[in-house]
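Me: I have a new model open and want to learn how to read it. Can we go through it feature by feature?

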Amino acid sequence: EMVDEAFIISFVERTKELCEKIKPSFFELTVAMAFDYFALKEVDIAVIECGMGGRLDSTNIITPILSIITNIGYDHMSILGNTLQAIASEKAGIIKENIPVVIGEYLPETKELFQEKAKEKDAAIHFAQEEYHVRRSSLDDCLHVTVVKNKGSITLQYDSDLTGLYQAKNICTCLSAIDVLCDLGMEIPHQSVRYALAHVQEINGLMGRWEKLQDSPVVIYDVSHNEDGIKQVMLQLEEQYPQRHYHFVLGFAADKDVQKVLPLFPRDADYYFTNAHIPRAMKKEILYENALAAGLNGHMFEQPAEALKAAIVGAGLKDVVIACGSFFLISELPYDK
């Protein structure tokens with residue numbers, strides 16, 4: 001359900017004086033608006049995603065019934081810290097007193113930190129990768145995943161309309177979370193889980209997660225924007241479209257460490273550099289200079305849609321066009337399937 005314009009106008013009018021006093025960020029303001037809307041609609045369950053980190057994030061004002069930390073990677077380092085332990089510590093800030101927490105994926109250097117934080121808060125901790133593991137996954141028009149529940153060695157099969165291979169790990173996190181919610185007394189039938197995973201985009205409109213827009217040439221949108229995400233993009237390209245020629249439409253946010261990310265891209269691809277038209281976007285000229293230093297050659301475009309059009313025109317019918325680097329970039333591209 002889309003929020004109607006009248007509610008937004010009412011919220012702005014009700015909070016204008018307070019906003020002028022405390023000067024919240026755009027994200028903080030929209031979090032408050034969302035919470036107000038959820039209260040108005042008397043929702044039974046709200047799924048709240050942190051904007052950045054967790055400990056000091058505006059979403060962290062809530063007391064949840066379950067906390068979930070999907071994984072830890074290098075992102076937002078100027079605010080969260082330069083080490084995985086520092087970033088994990090900020091993420092662990094969502095762990096609350098006596099509230100269970102699911103950790104989707106830990107690394108050797110972060111597991112103990114999560115355990116200590118959970119013990120301090122007397123919170124039951126669940127590590128999804130120890131409760132479930134992916135036996136196999138395959139891809140055609142949807143992602144097919146065979147998962148094993150380690151307790152009892154139960155084999156489960158799921159299909160997902162989110163076709164990024166990395167979604168297999170997210171499914172394990174989802175299943176661990178569902179187990180905890182069921183232990184808390186919620187009724188979540190297995191058939192409902194299977195249906196929901198197969199219809200994620202239809203249910204919640206999630207877009208830009210390894211989303212194929214067309215064939216001949218293949219066009220893919222992916223919102224990956226940090227080191228871990230771009231590595232996943234490269235792995236999936238190698239697996240799904242090996243020995244093809246790639247055309248990358250790139251645009252990043254200004255706070256991204258592109259000097260670490262750009263060397264992950266292949267040098268024998270074509271590049272179309274652009275930027276979203278928001279203050280947070282990295283100017284295409286800066287991206288272009290950094291890309292040249294990394295050995296990536298291409299051209300600059302004022303509009304993301306122009307860059308995409310040039311990539312499609314320049315691509316052979318068997319080539320692959322990938323637009324990635326920013327949620328904001330993907331939001332400015334045409335969405336006709």
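This is a predicted model: local features need pLDDT of at least 70, side-chain atom pairs count only at pLDDT 80 or more; totals for chains, interfaces and linings use all residues.

Me: How many residues of the chain count as buried?
Reply: The cut-off for buried is under 20% relative accessible area. By that test, 42% of the 337 residues are buried.

Me: How many helices and strands are there?
Reply: The chain has 14 helices and 12 strands. Its radius of gyration is 21 Å, close to the 20 Å that the globule rule gives for 337 residues, so the chain is as compact as a globular protein of that length. Along the principal axes, the C-alpha atoms fill a box of roughly 60 × 55 × 40 Å.

Me: Which share of contacts joins residues at least 24 apart in sequence?
Reply: Take the contacts between residues at least 6 apart in sequence. Of these, 64% join residues at least 24 apart.

Me: Now a hairpin. How do strands E7 and E8 run, parallel or antiparallel?
Reply: A general point on strands comes before the case. In a regular strand, side chains alternate between the two faces of the sheet. Here, E7 covers residues 211-214 and E8 covers residues 218-221. The two run antiparallel and are joined by three bridges. Three residues lie between the strands. Ser216, in this hairpin, takes a positive phi near 55°.

Me: What does the side chain of Gln236 reach?
Reply: Two backbone atoms. One is the oxygen of Thr163, at 2.9 Å. The other is the nitrogen of Leu165, at 2.7 Å. Setting aside neighbours within four places in sequence, the contacts of Gln236 include Leu139, Gly164, Trp210 and Tyr241.

Me: Where does Asn60 lie?
Reply: In a loop, between helix H2 (26-41) and strand E1 (67-69). Asn60 has a relative accessible area of 15%, under the 20% cut-off, so it is buried. The Asn60 side chain reaches the backbone oxygen of Gly54 at 3.3 Å. Not counting residues up to four places away in sequence, Asn60 touches Gly54, Arg55, Gly93, Ile94 and Lys96.

Note on methods: Residues are numbered from 1 along each chain as its sequence is written. Side-chain values use heavy atoms; hydrogens and water are left out. Two strands pair if DSSP finds at least two bridges between them. Helices (H or I, at least four residues) and strands (E, at least two) are DSSP runs, numbered from the N terminus. A polar contact is a pair of N or O atoms within 3.5 Å; within protein, one must be able to donate a hydrogen and the other to accept it, and residues adjacent in sequence count only if both atoms are side-chain atoms. Contact means heavy atoms within 4.5 Å. Buried means under 20% relative accessible area, exposed over 50%, partly exposed in between (1.4 Å probe, protein chains only). The radius of gyration is taken over C-alpha atoms; the globule rule is 2.2 Å times the number of residues to the power 0.38.
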